[in-house]
Structure formats: structure tokens, C-alpha cells
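Let's take a walk through the aromatic rings of this model. Have the sequence and the 3D view ready.

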Amino acid sequence: MMSDESLLALVLALPFAGSLVVGFLPSNRHNLEAWLAGAIALAGLAIALALYPAVADGKAIRVAVEWLPTLGLDFTLRMDGFAWLFTVLVTGIGLLVVLYARYYMSPDDPVARFFAFLLGFMGAMLGIVLSGNLIQLVFFWELTSLSSFLLIGYWHHTAKARDGARMALTVTASGGLCLFVGVVIVGHIVGSYDLDRVLESGAAIRSHALYVPALVLILLGALTKSAQFPFHFWLPQAMAAPTPVSAYLHSATMVKAGVFLMVRLWPALGYTEAWFWIVGTAGLCTFVLGAYLAMFQQDLKGLLAYSTISHLGLITLLIGLDSPTGIVAAIFHMMNHATFKASLFMAAGIIDHETGTRDIRRLSGLLRLMPVTAGLAILAAASMAGVPLLNGFLSKEMFFAEAVAHHSSSAFDRVLPYLAALAAMFSVTYSLRFIHGAFFGPPPADLPRQPPPLPSWMAAPVALLVSACVLVGMFPAVTAGPFLDSAARGVLGAHIPTYSLAVWHGFNVPLLMSVVAMAGGALLYLALQRYLSSGIEGSPLLRRLDSQRIFDRIMIALTLRAGRIGLETAGTRRLQPQLRLILGVACAAALWPLLQLGMAAGPLAPSALDPALTLVWVVGAACAIAAAYQAKYHRFAALILTGGAGLVVCVTFAWLSAPDLALTQLLVEIVTTVLLLLGLRWLPKREEMVEADRHRTPRVLLRRAADLAIATVVGIGVAAIAYAVMTRPAPDSRASFFVERAYTEGGGTNVVNVILVDFRGFDTLGEIAVLGVVALTVYALLRRFRPAPDSIVSPEQQVRQNARAAAAGPRQPADALADSLLVPALVMRLLFPVIGMVAVYLFLRGHDLPGGGFVAGLTMSVAFILQYMAGGTRWVEARLIILPVRWIGVGLLLAALTGLGAWAFGYPFLTSHASHPTLPVVGKVPLASAILFDLGVFVLVVGATVLILIALAHQSIRTHRPTKPEPAPDHA
Amino acid sequence: MSAWSNHLVLVPILLPLLAGSAMLLYDERRRALKAAINLAATFALMLTTVALLATAAEGIPPQVYLLGDWPAPFGIVVVLDRLSAMMLALTSVLGMAAVLFSLARWHRAGVHFHPLFQFLLMGVNGAFLTGDLFNLFVFFEVMLAASYGLVLHGSGIARVKAGLQYIAVNLIAASLFLVGVSLIYGVTGTLNMADLAVRTAEIAAEDRGLLHAGAAILGIAFLIKAGMWPLGFWLPTTYVAAVPPVAAAIAIMTKVGVYVLLRLSLLVSAGDGVEGSSLFATTLLLYGGMATIAFGMAGILAAQDTARIACFSILVSSGTLLAAIGTGRTDVTAAALFYLVSSTVAVSTFFMLIDLVERGREFGADMLALTREAFGGPDAVEGEEDEEVGIPVPGIMAMLGISFMACAVLLAGLPPLSGFIAKFALLSGLIGRADAGTAAGITATTWTFVALLILSGLATVIAMARAGIRSLWGPEERAVPRVRVIEMAPIAGLLLLCVALTVQAGPVLAYMQATARAIHAPDQYVGSVMKAPRTRPDPAEGSR
């Protein structure tokens, strides 16, 4: 025998496990799936019934498992009388719905999915009911919204199902999120999310400054879920779901979650003005409005949907009245409504199933065709109308008694009895309409199909529910009394009010109200005959309000439109405004602290101006500004001018005794300028002037002025900052560390090179990886790149050359090319070994003197560039096998493996070893392991540069033979 | 340092480097071999990072590795603490999923996919591990260079256009990075982050302006990477253009900026409380982050295709993280770390999933559906059956549907997956169980942040429901996509990871909380770095 605690856990776990299993069953095994789902519901029901003794008389069962202990979220299951009642409702009606669905769903329907969702919902709903922790309750709350979405959208090939599902999800999920925040605020107030703790802290919560926000948010969750005005509109649209779903989720259980929560939290949140006004008003409006709208529905399910809204309003109103007797009445009506409304939905489903329509205008006289269904439906509808000897009557009497009782001396209190009677009258009318419209009158003439014999088991669930209605209605104290008592004790604790469950309370005001409602409702039904038989869909006053359309409009306006406006006003997809923003923000970010904290030049006095250097700088600045000025329409000029500025930087480095930097900068300038020039050839020709720029409108001028201002501010700003830093003494010279140890530990006298390959060799390793990756990217981008059409034609010079060659005699264009560059080409070819030697020289001396792998690699690549320029792509590649991608790989591997070598000696990565062995003939040579690393750098730099070169050079092969599809041989 | 296990810290950088380089030795046509190397290397990386995560979880002080055996602050250090271990593991898991997914088709869309992918991992891992500002720049560049190539992978006008915009913006960001680092180095004389934390406290008053300007410029570079409004407009354009596995893999890159901001702002501000001016203006992060959430939300709502929802979700995620960091509170930081993991995994998964879901749909179907919705065209598409009999859903569509829903739930922060836990942790950190909470304790800014958190979740629900209904429940005739196991497996794997995060939320969050505490009180980090011993005796000390 399992303990109560594990049984409780089992109740929750079973449906989820069943959902998973059913989901994986083949979709045509109807019976198997239905049996499995039914068995799970039955097991849940049986366990719940077995647990009753443990929860009677205000006791509770609790199970807690640690989940998120640091945030106060334990997985807590808690069952008291109230939770028990709902567990029985959820599992019991679940069982009947499964049985019903087995016959309702078409044999062609792949029901595995259906039952899986249904069981998933059952689990989620049980989760809400059994949660002992508010966050966990929210967790399951949203799960019911999701499963409801899936179930409404089950027939998603119909537009109604899709729209209904989405609307329900939007409304209930929004409410759920509000509830989430509200619950977190309650946790903030109480210091715990535990339900028991929260329920004990009612006084603290109500007196807290955050009480009203928390209350409003939690009520938003509850009211949306229970389809209360003004959020009621989703429920009728949810009727697109298969009828078993409507019976189960949208009348008996899920929509009850809202009122369940309000009752559950009433001891903690209730007893206040705010509660009374919000909950009471929402309930009253919904009660009356729902009943009014229900009278005019032509669809049986629509009628039932609005009547559900109205009854939920009634329950909400009872809760809002803020009295213990009201709460008891609310609980009792939840039970009663679940039984009679579920059976009515099932009956409507049977009618639809048998006749093919649910439209009251087409139905009539079904009493003769389906007497059993008719009899059951009439009883259930009578209970809905509040006819004595049925359960609906009892809770309605309790409601009337509550309505006439005194609550506060407000107008609300005074009009309440009249409005209650009015709405009750409406409910009699729509109940009559349901009964009379469908079952009485002449035999139906306009049915889509003649009712086949009813599957015998299909009416069984209806019969069971209706007999419950009758039994409770006749012997309330025996049948429902104990359970209502334990449920009320669960909510209210020991202080349960006195109430009497009896059919006859003598002649009193509630009875009078009932009589008035009955008579008035019947009269109203007669009075409305003309309007209703005209066949108009919807009520006289509110017919034109199509909630689906209004909802769609609002959603479109609030989502798509608002989003688009937001994107357009606060964002841009264009690059130029983005760059403007980035620079502007960066400027502001840098200026702000400088203005606040001040920025002064450092104490070091600048050295005297040297006229020669000044002149060089003036030239450099002029080049830089001119380059910017020409960048848009004269790329070639701009590029050359940038080169000029770069050379000035080289000169400056050399002047300021930084030969390493100067050498590197020089080679970088040369190589990049040449590569850019090669690339420039393939850019599309620029329109002489962009159309907008030709007209110097104020806007254009303004934009340019702004750009100029940004550029000026950024430029001057960077210069000022640089000046400020350079006039400061180097702070606590870290640099001395490097200078001191470059030779003793790094084995080199060129500190810059030792830093590059040793002290910060890891940076260098990363940087060469960058270079290699960039080369790979350029290659990958240009490999399939087709030059722009207007740059495919040969340059003018080449055209003229070829023309001259053609005029001179029968010669190949290639020969003409070779001839015209004969002397320079020869020189360049001869230079190849010379430059190679220079590279080797620069490489070898690197550790001690200016030079090193990077510079040597660039030098070597210059040699290759010259060969391509002299001989053309094909000439070079016919003679040299160049595999630059492999060089990149080899270079990286060499550098990385050198670093790894240190591991073998027990040292960290990149630890270098330096020695100065004496070789015969050569003498003492400096030899550091770093030189191998530097060799890797060298190989990689050559590989990367040549790869970019090849990528660019191959463009020419492609364009000169446009007929061949993919000419470039893959050298990668 | 002699034990081999000590070198394990460096494996997340070296392994991708070696694997990437080795692949370059083979011809591009040997794609199968490269794929195998890529897969094996990424798998090994995943094992390594999980091992490192396990080490870090034991609560030992940060593990410091002296590159070239040079002591801090002179040489470069690599530091493994809880935060970096967590980020490494996340990167490698996402990397593994992306590699698997790419093998079905996308890796053939261009050359050098596999080496570039490994270099990307190298860069990201390096950025998470390094304890040196300039070295961080280097790894940023490695990561960016590789991502340029990967974003352009597959070529085509849209990709080249978006890719070049991406490159332009990031080159500016890189320049800002350099300017910022130079300024900081110029004033403090150090690049080592731990040393920087010590030294910023000792900076003379007249140098503070420059130091703060440097930090601000540096911060802008990271904010560009994180996609903060108004610096992140490049982000959606780029991610929507990238091929799905690349988008999935580079989803982690937006978190690198966030990571660095988190690390640096807390590390450096520790010694900065002197005059109450924080080096990285954290309150600005709060406001900027909230603006980013709002902008991302607008983007999600306005999105016309599903991929754009994913892109703007990244902005929402970034904004949430930035704002959370901006609050400067330990418990919020812990929640933000949980959120970081959950939201990154979700977005990554979603990028891959979209590829499968959209496969087999007609081009322009989204626009049609949207127009119908906006202008109220006929509710039912012509020829649509209205019969109330369910239509069978093919198994693969059911899988896609479940995955889609899981992604939606994760991104929106709804139960039952880890997104909910993350949102709860954030809310709980912001307004949760205070001991004696009063309304005065919660500022209007906090309420705004809470509202944005919730509203962004709602926007996601609405947009995802719209998109999901359109592409999975839509009336259009659609072919059932052909999906291969290696495409579905990574999606399922990542979603299962989120399930595990939910079930094991307690221990995971405990890890995050320990992480948050450690980075909020960085003394241990600074101490570990500055006192890390060299392997060989220091000759200078010996001679003294």
C-alpha cells in the first residue's frame, strides 16, 4: 500500500506519462488510445476518492521536493478538501469526456494527438489544483493555456480553429504573465511563495503598499482565464475546438481555474474594498452580459459558451461579495455548473454528430428522433435554468440569498438583487431556447443528414452527469454535503459559516426571485420569438461588434503596425546612419568623463619643432584630408593619397628612432596599396554623381556638414587624447621589464622582436591566425565572384595596345603584352631571387636587429606580387606551383607546435629556450626556439598575402574568357 | 605547471587552432576528411570544456596559466574561473550542434567552411579565457575574422550585402577597441586585467578623465558587439542573412560582448569606489539594455518572417542581460547568467529549426498570410476543407511542431522549459522575496525593467504563435520537408539540454550564484592572477 504522499504524486504524474505514451502510439488505434486515456483518468479518480479520508475535516496532504531552493521554489503538492474536489472534477469529468470522445471523434481522425493533448491538459490542470507553491501554480497555469491552444487548434486546417486558438492563447497567456508578476510581488511581501505561508499572511499582504498592484495583476490572470468581462470574448471563439474539448476545458475545468484561484487566495487577498469592487463588478457585468448574449445565439455551442461566461460571472460575483457564505455558494456552484454544463455540451455534440448541424434555425423536433438525448438535455438545461429538484436550483438559491444580503451601503448593493434576478431571467430564456429550439416543434426538414442510431455508449457520460444533477438536486445534504463541507474547510479553515443545503427553505425572498425569474424568462422567450425566428445571428444591441474582427484589428495595430513604427523611428537598416550613430555615441561616451573629470596635457614638454619633420607632417595631413575628400568619386586618387599619408607615418617612425615600426609600416603600406590597387580594377564604375548629390539641396548640404562635423570632432578628439597620453611619463615602467630581460631570458637584443615572438608570442599567434583567416575569407568571397559588368571590358590601355599589335601584324595579344613590358618584366624576374635573399636576411637578423618573420614574409610576398605583375597570372602559374592555403596551414602549425614543444620540457605553452652555440666557421650564433615560431609567422604571412593576390589575379582570367563557366583552377 | 592536466586550460584555444590549420593542409575537395576533423575536434572540445566546467564547479580558486612562463602582469595570462568555464562549455555545445547541422547540406555552400568554423571557436574561446586586454583584442579579431568568412559563406547578393555592412561596423568597433586599450595602457601602464583592477584605484586624479574616456570607448566597442540600441542595427540584418548553422554558431558572439562587460565592469570597478564614479557606467547599461529590449520587441512584433523573430530575439536577450548587469546586484547577475545560457541555446536552436520548418514552403507565403490578416481578406483560403475531421500530421511535422513550440516557450519565458526558470530568477532577483520588502525598495526603473521583461515575453508569444500557425498550421499546400537525422539530432539535443536545465535548475542556479558572487568580489581572481607562480626560477629574483 502506497502512502498518501506518493499516491498524490502519482495522480499528477500519471496524465503526463500517459500523454507521452499516447503521443507515440499509431494514430489509427482508436480503442487502445481511448482505453489508455480512460484508464489513466479512472486511476486518478480512484486515487482521489481513496485519498478523501486524508483531506476531510480540514486536513491536508503535503509533498515537497527540492527544486530551486535558493529562490524558494520547492516542488510542492498539497491537497486539501478544496483541491480534492477539483481533482475529482478534473479526473471524473475527464474520464467521461474520454469515453464520449471515443465515439464523438470520427473514425478517420488521427486521435493519438488528440488524446495526448487531452491528457497533457489533465496533468496541467491537476498541477494547478494541487500546487502548494504559487510559482509552481503559475507554471502549470501557463501549461493549461498552451494545451488549450493545441486543443482548440486541433482541427487546424480550418480558419476558425486557428483564429480561436490564437486568440485564446493571446488572452490567457497575457493574463498568465500578469499573474506571474503578481505572484512574485506577493512573494516579495510575504517572503515566501509557499501557499500555506501566503494564506497565513493575509493581514500583512493587505496592509502592504504593493497590495493593490499585486491584487490587480493576480486578478488579471484569474479574470482572463475565467473569461470574465472585458476578457470574455475568447471563449466563444474557442468553440472551434472539438466538442469534448469544449465540454472539458471550456466549461467544466480550465475556465474554472480563474475562479479556483480567486477562491484559493481569497483568505490572503480578500476582505478589502479593492477586492469587492474589482471582482464584484467584473462578475456582475459578466453575469448579466453573458446571459443577455446567450439568448441570441443561433449555434448551440455558442449559446452554451455565453451561458458558461454568464455562470462564471455568477461565481466571480459570489467571490467578489467578500463573505464566507458567498465563497461556499461559489464552490457549490462550481460543482453544479461543471456537471450540468458538461452534459449540455456533450448533448449539443451528440446533436451535431447525429444531424450534422448545431444551428438552432435548422433544428427542431429532435425529441422524436433522439428521445434519450433529448430527455437528458432537457433535464440538464432545466438545472441550468434553476428549476427546483435539480442542482442548479440549489446554488442559485444560495446566490439569491447572498445577493439580497447586505454588503455595503453602495449603489452596487442596492441594484444587485434586481440585476441578479434579471440575469437569472435571461438564463431561463436561453435554457428554454435550447430545449424548445432543438427538441420541440415540427419534425426537422433541413438537416444535413438523418440521425443514424446513436452509439449506445455515447449517451452514457451524459446520463451519468445528469443523474448527478438530479441526485444532488434532490438529496443535497447526503450527496454533496460532506464534500462541500470539506472543500469549504480547505479554503476557510475552521471558520466555516453556517449554511443549509436543503431543497426547501420556506417562503423567502430568494424563492420569490426564482419564481419571478422563471415566469419572466418564459414570457421573455415568447416575446423574443419574432426576433429570434428572423434568423439574425447575434443580439439586437451588440450584434455589430464582431469580437474576432475587433481583436484582429487591435492586434494588428498593437503588434505589426506598432512594431513597424518602432523599427522605423528608432532604427535603421542603412549603414551610413549606423556609422554616424556609432561614432556619435562613442564621442559622447568619451567626452562625458573628460568633461566631468577634466583632461589636461601631461607634464612632459613637447620637443622643439623640427622644420623638416613639420613639413613632412603637413604633407601627410594634406594627403589624409585629400584622401577623405576624394574617397567617394576618385577611388584611385584617394588610395594613392592614403599611401602618401602612410609613408609619412613611416618617416615619422624612423625619425623617432623606431626602425622596427618604420620597416613594418613601410612593407605593410606597399603590400596593401598594391593589393588594393589590384582590387580597384574590379570594382563597378562609380556613377559620376549620385542623383541626390547632384542637386545640392539643403538636406544634402546639411547631411554633409554633419558628417564633416563628426569627422572633425572624432579626428581632433583622437589627436587630443593621443597628445594628452604622450605628454605623460610612462606609468611605472612595465617596459623596463621587457628591456631588462629581452636578452637574458629572451635571447635577443631586439626588444620589439622578443616581445612579438616571446613575451607576447601568444598575441602574435592570434594575429597570424587573423591574417590567415582574412586571406581565406577573401579567397572564399572572390572565388565565385563575377566582376561587375561594366568592369569586365578591358582597360583602354590594353585595348589600344592590342589594336596596335593587330595593326602591326599577325601576333597574339599576349605577345604584345609581353613586348610592351619587356624590360620591366625582365628586371622584375631577376629581382625574385634578390628579394628572396633580402627576406631571408631580414628574417635571420630579426631577433637582434630590426627585421623578423613578419617583415620578411611581407618582403617575400612583394617578390611574388612582382612576378604576377610582370608575367601575368598564367605565366606565373605555369612555372611556379603555389599552394598558399597550405602555407597558411603550415605556418600556423609551425608556430603552434613550437609553442607546444615547451610542454615536453614541462614548461607552459610558448616558453622559449635561447642559447648561443658556437658553430664551426660561422662562429657564435644566437639560436632561440622562438626562431622556429618566427619561421611560422614568415610562412603564414607569405601564404596569406599570396592567397589574396591570387584571389584578385584570378579575376582577370575569368573575365577574359567569359564563355568558359568555371575557369580558375582550384589552387586551394 | 608540469602536470599535463594544467595544460588543459589552453586546449580550448589550441585544439581549434591545430585542427583548423591541419585542415588547410588538405585540398578543398577532401571535404569529407575536413568534416571528420571538424566534428572530431569540436567533440573533443566539448569533452574538454565539460571537464573544465566540472573542475571549476569544485570551487577551487581561478586557474591561471602563464603563457611563455612570463609572470603576470608582464606576460599574457589565461584564466579559468567559473564564469569562463561556463561560457566555454556553452560555446562548445552550440558549436557541436552547429557542426552536426551543417553536415547535412550547408557546409557545401562555399569553401573553407570547416577551418573557418574552428578558427571561430578558437577566437570565442580565447576571448572567454584571456586575462589580458590586448590579448582579448587579438581573440576578438580572430573571432571576427572567422565570422566575416562564415557570414559570407554561401555567398549571394543578400549575404554579401549584409556581410559587408557587418564587416564595416565591426572594423569601426575594432578601432574603438584599440583606441580604448591604448588609452588605458597609456594611463595605467598595464594590460593585465587583474593588474588593472589593482591599479585603477591608484590612478592620480588628473589621469582619471583619460582613464574613464578609455574605458568608455572600450565599452562602446563591446556594446556594439552586444547589439545595444542604438549600436546594434547591424545585428538582425547580419543574422538573417547568414546560413542557419552559422547563425546558430555565432549566436554566442553577441554574448562575448556581454561577457566582457560583465567581467571588466565588476573587476575594475572593485577598486574604483573611491569617488563613486564607476568606470563602466553601469546605470547606463540598465537604460541602454531596456531600450534594447523595447527595440527588439518592436522588431519581433513587426517581423514578417520567422528568421527575423529569431534575430530580434537576440536583441531582446542582449538587452535583458545588459539591463540585468546594469542593476549591479549579485542575485540579478546570477539570474542573468542562467538566462544567458537558456536564451542563447534557445536562439541557436531556433535558427536551425527555422531552416527545417521553412523548407518546402512556397516563397512569399508569409507575406500572403500576413496581408490576409492585416487587410481582412477571405478568412478561408479557397478550397479549404471545413470538415471537422482531424488531418493526420506526418511524424516529421509533429517533431518540427513540438520543437517549434519548445523554442517559442523558451524564448518567451513560459513554462515548462528553462526560459521560465530564467525569467523567474530574474524577477525574483528584482522584486522577489525581500526580507521586509517595502514599496520604497523597488524603484520605478526596476518596475520598468520588470514590465519590459514581461512584455517582451508576451510579444514573443504573439509573434511566435502567428509565425508557427502560419508555417505549421497554415492552409497552404506544403510539401513535407525532407529532414535528415543529423539535422534533427542537434535540435533535439539542445532542447533536451533545456529540459535538463529546468529539472536541474537548483544545482545549475547554485553554480550561477557562486559565479555571480565570485565576479562581484574579484579579490580572489586578482590574487590568483598576480600571485601565479612561474615554472622556472626567476633569474632576476635569484640575483637580487
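**Aromatic rings, pair by pair**

B:Phe113 and B:Phe117 sit four residues apart in helix H4 (residues 113–129) of chain B, so about one helical turn separates them; helices here are DSSP runs of H or I with at least four residues, strands are E runs of at least two, and both are numbered from the N terminus. Their rings make a tilted aromatic pair, with 5.8 Å centre to centre and 35 degrees between the planes. Rings of Phe, Tyr and Trp (its six-membered ring) pair when their centres lie within 6.5 Å; planes under 30 degrees apart are stacked, over 60 edge-to-face, and the rest tilted. B:Phe113 is buried at 1% relative accessible area, and B:Phe117 is buried at 1% too (buried is under 20%, exposed over 50%, partly exposed in between, with a 1.4 Å probe and protein chains only).

A quick word on the ground rules: this is a predicted model, where local features need pLDDT of at least 70 and side-chain atom pairs 80 or more, while totals for chains, interfaces and linings use all residues. Residues count from 1 along each chain as written, chains are lettered from A and ligands numbered from 1 in written order, and side-chain values use heavy atoms, leaving out hydrogens and water.

Over all chains there are 52 aromatic pairs. One of them is tilted: A:Phe759 with B:Trp70, 4.4 Å between centres and 50 degrees between planes. A:Phe759 belongs to helix H33 (residues 751–759) of chain A and B:Trp70 to the loop between strands E1 (63–66) and E2 (77–80) of chain B, so this pair joins two chains. A:Phe759 is buried at 1%, and B:Trp70 is buried at 0%.
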